[in-house]
Amino acid sequence: MTKADTKQHLETRLHPQPGSTSQATWRYAVAGLSASLVGLGLARFSYTPLIPALIAAKWFSASDVVYLGAANLAGYLAGALAARTAAAWTGAVRALRAMMLLATLSFFASSVPVSFTWFFAWRFLSGLTGGIIMVLAASVILPHTSPARRGIVGGVIFAGVGLGVAASGTLVPLLLQQGLQQAWYGLGALSALLTFASWWNWPTEAKGDAAPSPHQGKHHRASTAARALLVQYGLNAVALVPHMVFIVDFVARGLGQGIAAGSRYWVLYGLGAIVGPLVTGHVGDRSGFGPALRAAFLVEAAAVLLPTVSAAPLSLIVSSVVVGSFTPGIVPLVLGRIHELVPHATEQQRAIWSHATTSFALFQAAAAYGFSWIYAQTGGDYLVLFGLGGGAVVLALAIDLGLALTMRKA
């Protein structure tokens with residue numbers, strides 16, 4: 001091996017090129033998983049099991065706690081909108097590190113109930129970190145991943161969301177045994193550990209190729225499909241809301257089985273959320289992301305609608321696990337589909353993904369408030385909510401099929 005060959009070999013090892021399938025790719029994926037666990041998993045889902053403790057400790061009233069939960073959702077939307085600007089100012093990797101630090105700080109800051117405004121601000125900032133991480137993490141890592149592995153790598157990145165759901169039902173109750181303030185300290189310490197462990201494992205950012213396609217017809221079709229994908233992703237967010245918000249209450253009060261039984265279905269939901277993105281990412285790699293996304297909409301529709309047909313334990317188990325799996329599992333499929341629609345254009349991919357995340361956040365917020373209103377107006381009819389959620393994802397599937405037929409005729 002000549003000196004030049006040796007130098008090139010070392011550079012390749014130290015700075016893997018986009019599309020590399022080396023061990024470095026998996027280090028990048030684990031860094032992404034850590035970011036999604038901190039900014040999306042812990043920062044969002046750990047709040048739910050803390051709510052009773054916040055009320056019992058008289059930190060806040062029951063009504064105030066609801067508004068504090070909404071602050072995270074509003075912050076997530078703001079983060080999705082601000083992500084590309086943050087990346088342009090500081091670089092995407094620096095922005096990701098900063099958001100993990102900010103999320104960590106928010107846990108420690110929340111351990112002191114200074115005032116409602118103080119807590120609201122930190123809950124908003126924790127949501128902001130999640131929105132920015134959702135947009136930037138995968139767009140930094142996937143350009144360094146071979147097309148054949150983008151689905152499974154994306155699945156690893158967003159498995160952190162599922163781990164956060166699981167932690168909300170297991171780790172947080174254990175921390176609360178030491179006290180409410182100590183629970184916030186524990187979450188902050190875990191976040192700090194993940195931030196430190198991932199700090200040097202992010203890749204060097206690939207330069208985006210924002211040049212338009214020379215094939216104008218293909219570019220137009222990709223743009224049409226991308227716009228449709230934004231709507232489909234938003235409708236998918238609507239479909240997830242009945243389980244995310246109401247499944248525990250449906251089992252506990254709607255079916256009269258009690259809180260303990262409802263909590264068991266939430267644990268199943270969390271287990272599905274851990275495995276889901278790994279499975280969907282692998283399927284996308286094997287079959288293509290367009291067909292995989294279409295199949296996902298069909299399976300998800302059946303799972304969301306299942307409680308309207310049967311409230312038997314087996315039906316609710318299947319429904320909870322499958323819908324839980326698609327909560328983060330839809331993400332690698334949509335990301336992979338974006339890469340199929342606009343290949344070799346990193347900045348354009350990041351822009352579409354940013355718009356998709358914003359669409360998801362808007363539709364999810366509207367559905368959360370809208371379904372709560374419908375629930376009140378119908379006297380607590382949970383089945384109407386599951387029916388509306390299932391209808392939303394059926395509409396997403398219909399849009400996909402209709403677009404496919406239109407493109408074929410064109």
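**Chatting through an all-helix model**

Biologist: Let's start with R337: what is its relative accessibility, and what does it count as?

Modeller: R337 comes out at 25% relative accessibility, so it counts as partly exposed. Keep in mind that this is a predicted model.

Biologist: Which residue forms a salt bridge with R337?

Modeller: That's E340, and the closest N and O atoms of the pair are 3.0 Å apart. E340 is partly exposed too, because its relative accessibility is 36%.

Biologist: Where do E340 and R337 sit in relation to each other?

Modeller: Both are in helix α12, and because they are three residues apart there, about one helical turn separates them.

Biologist: How many salt bridges does a search of the whole structure find?

Modeller: Two. Besides the E340 and R337 pair, there is one where the side chains of R294 and D400 meet, at 2.5 Å from N to O.

Biologist: And which helices do R294 and D400 lie in?

Modeller: R294 is in helix α11 and D400 is in helix α14, so this pair ties together parts of the chain that are 106 residues apart in sequence.

Biologist: What about their accessibility, starting with R294?

Modeller: R294 has a relative accessible area of 30%, so it is partly exposed. D400 is at 11%, so that one counts as buried.

Biologist: Let me zoom out. What is the secondary structure of the chain?

Modeller: You get 14 helices and zero strands.

Biologist: How much of the chain counts as buried?

Modeller: 52% of its 410 residues. The chain exposes about 17700 Å², and carbon and sulfur atoms supply 67% of that.

Biologist: For contacts with a separation of 6 or more, what share comes from residues 24 or more positions apart?

Modeller: That share is 85%.

Biologist: Can we look at one buried spot? Where is H243 found, for instance?

Modeller: H243 is in helix α9, which covers residues 216-254. Its relative accessible area is 0%, so H243 is buried.

Biologist: What does H243 touch, leaving aside neighbours within four places in sequence?

Modeller: Its contacts include W266, Y269, A303, V304, P307, S319 and F386. With S319 there is also a polar contact, side chain to side chain, of 2.7 Å.

Biologist: F386 was one of those contacts. Where is F386 placed?

Modeller: F386 is in helix α14, residues 382-409. At 1% relative accessibility it counts as buried.

Biologist: And which residues does F386 touch, not counting those up to four places away in sequence?

Modeller: The list is P242, H243, I247, F250, V304, L305, P307 and T308. Take I247: it is 139 residues from F386 in sequence, yet their C-alpha atoms are 9.5 Å apart in space.

Biologist: Changing topic to loops. Where does S310 lie?

Modeller: S310 is in the loop between α11 (289-309) and α12 (313-341).

Biologist: Which residues is S310 in contact with, beyond its neighbours within four places in sequence?

Modeller: S315 and L316. The side chains of S310 and S315 are joined by a polar contact of 3.0 Å.

Biologist: Now the surface. Which residues make the nonpolar patch of about 290 Å²?

Modeller: Y67, F116 and F120 make that patch. F116 lies in helix α6, residues 116-141, and it counts as partly exposed because its relative accessibility is 31%.

Biologist: Last thing, confidence. What is the mean pLDDT of the chain?

Modeller: It's 83, and 89% of the residues reach 70 or more.

Biologist: Where does pLDDT stay under 50?

Modeller: Residues 1-20 are one such stretch, and the model has 18 contacts for them beyond four places in sequence. Residues 207-218 also stay under 50, with nine contacts of that kind.

Definitions and conventions: Residues are numbered from 1 along each chain as its sequence is written. This is a predicted model: local features need pLDDT of at least 70, side-chain atom pairs count only at pLDDT 80 or more; totals for chains, interfaces and linings use all residues. Side-chain values use heavy atoms; hydrogens and water are left out. Helices (H or I, at least four residues) and strands (E, at least two) are DSSP runs, numbered from the N terminus. Buried means under 20% relative accessible area, exposed over 50%, partly exposed in between (1.4 Å probe, protein chains only). A polar contact is a pair of N or O atoms within 3.5 Å; within protein, one must be able to donate a hydrogen and the other to accept it, and residues adjacent in sequence count only if both atoms are side-chain atoms. Contact means heavy atoms within 4.5 Å. Patches are made of residues with over 30% relative accessible area and no salt bridge: like charges are joined within 9 Å, nonpolar side chains (Val, Leu, Ile, Met, Phe, Trp, Tyr) within 5 Å. Accessible areas come from the Shrake-Rupley method with a 1.4 Å probe; for residues, only the protein chains shown count as cover. A salt bridge is a side-chain nitrogen of Lys or Arg within 4 Å of a carboxyl oxygen of Asp or Glu. pLDDT is the predictor's confidence in each residue, from 0 to 100.
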